[in-house]
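Open the model in your viewer and keep the selection tool at hand. The tour goes from the whole chain to single pairs of side chains.

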Amino acid sequence: MLDPQLLRTDPDSVAKALVARGYVLDAKAWRELETRRKALQVRVQELQNQKNLSARSIGQAKARGEDIQPLLDEVKHLGDELGQIETEFSEVQEQQQAWLMDMPNLALPEVPVGRDENDNVEIRRWGEPPAFDFTPRDHVELGAGNGLLDSESAAKLAGARFTVLRGSLSRLHRALAQFMLDVHTQEHGYTEVYLPYLVNPETMTGTGQLPKFGEDAFATTDDPPRYLVPTAEVPMTNLVAGEIIEAAALPLRYTSQTPCFRREAGSYGKDTRGMIRQHQFEKVELVQITKPESSSAALDELTGHAETILQRLGLHYRTVVLCTGDMGFSAAKTHDIEVWLPGQDEGQGAFREISSCSVCTDFQARRMKARWRNPETGKPELVHTLNGSGLAVGRTLIAVMENYQQQDGSIRIPAVLRPYMGGMEAITS
């Protein structure tokens, strides 16, 4: 959530900045609402003061034995008016709060301005795409060939956009997740956490999934509902909700492997083939909680941690900075890591997103009331939050399948994964 004080003092600048995020803020309407809020607040205070003075006068008159009925009638009148004005004041505050909850985060100054993915800016590449002396297959064809990737059984069980993995391919999927967790906990300083897969509405609101993106979430029929987590970012970031963290404890670094559940309500049939975009998938997530002055450097660090996994696996990738129009709702700056998938586009190959790493500044922290104690002032201040995939396990499995495929349809196993696969060197069936 944006700082309400910023909107109170300079709504025009906020409106101008939000245009780059594709959001139209009616600054005039906001100013009118804010003027109304201030006037009602002043009137509430005036009526409360008058009511207190009248109550004092009643006590004094009663002590003197005077008729206090006229004073009681006056207090009743003040009480009725105060109740009405307080109701109006609450309604205006609720309107402002709803408006604030609908506004995306402001982009950092260095973020490129643009409308969509075509305006993203590549900042680096690593490695080279593999060379094949045959036309590479995509993961769907490879999985069907060895019988280990089964979309038909998944459709029977759950419908479209689910997958059943079998045998050594299922083991490779598990090995990838374990490898990622080992690197992040043993080398990058993250603490592994096991999290609930169902969370309450307050938790979804804290990281920005609600109220704006409720249609993309799976929810129970409870009242209030619980939501299946769309990413471990949601429960993991909310671990600090309502907390005041001592400066010496920062930064906090958490990682977790969870299933992720998404309706993909806005995808409109995009990436329906195979495992690229599914309703259920596994992800190893990274979260950092930092002091405000450290968050920019932390984004580069977190992105590097995700890139390390791809480098260890020998997978060619590129990293891009998302433009203002392509960033997520809560992000102030985002690095997307896109891995090379040689089997895409009928064997021509394509880069596809495998990790999105974002700094959210104090946007989520303000919603969550997550703070740290500044030792210089002794006062609580909002933390900054960061999150990123380290990595999406299913998409990493796709990348290994397509990049390490052989002409006979077998799949070589990267050297770093062989200890997790009992020494197996290739998947043949």
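How many positive and negative side chains does the chain have, and how far apart do the centres of the two sets lie? There are 46 positive and 60 negative side chains, with the two centres 2 Å apart. Lys and Arg count as positive and Asp and Glu as negative, while His and the chain ends are not counted; each charge is placed at NZ of Lys, CZ of Arg, CG of Asp or CD of Glu.

This is a predicted model, in which local features need pLDDT of at least 70 and side-chain atom pairs count only at pLDDT 80 or more, while totals for chains, interfaces and linings use all residues. Residues are numbered from 1 along each chain as its sequence is written, and side-chain values use heavy atoms, leaving out hydrogens and water.

Show the cartoon: the chain has 13 helices and 17 strands (DSSP runs numbered from the N terminus; helices are H or I with at least four residues, strands E with at least two).

Now turn to the salt bridges (a side-chain nitrogen of Lys or Arg within 4 Å of a carboxyl oxygen of Asp or Glu), which number 20.

Select Glu34 and Arg8, whose closest N and O atoms are 3.7 Å apart. Glu34 is in helix H3 and Arg8 in helix H1, so this pair ties together parts 26 residues apart in sequence. Glu34 is buried at 4% relative accessibility, whereas Arg8 is partly exposed at 35% (buried is under 20% relative accessible area, exposed over 50%, partly exposed in between, with a 1.4 Å probe and protein chains only).

Next select Lys212 and Asp102, a salt bridge of 2.9 Å between the closest N and O atoms.
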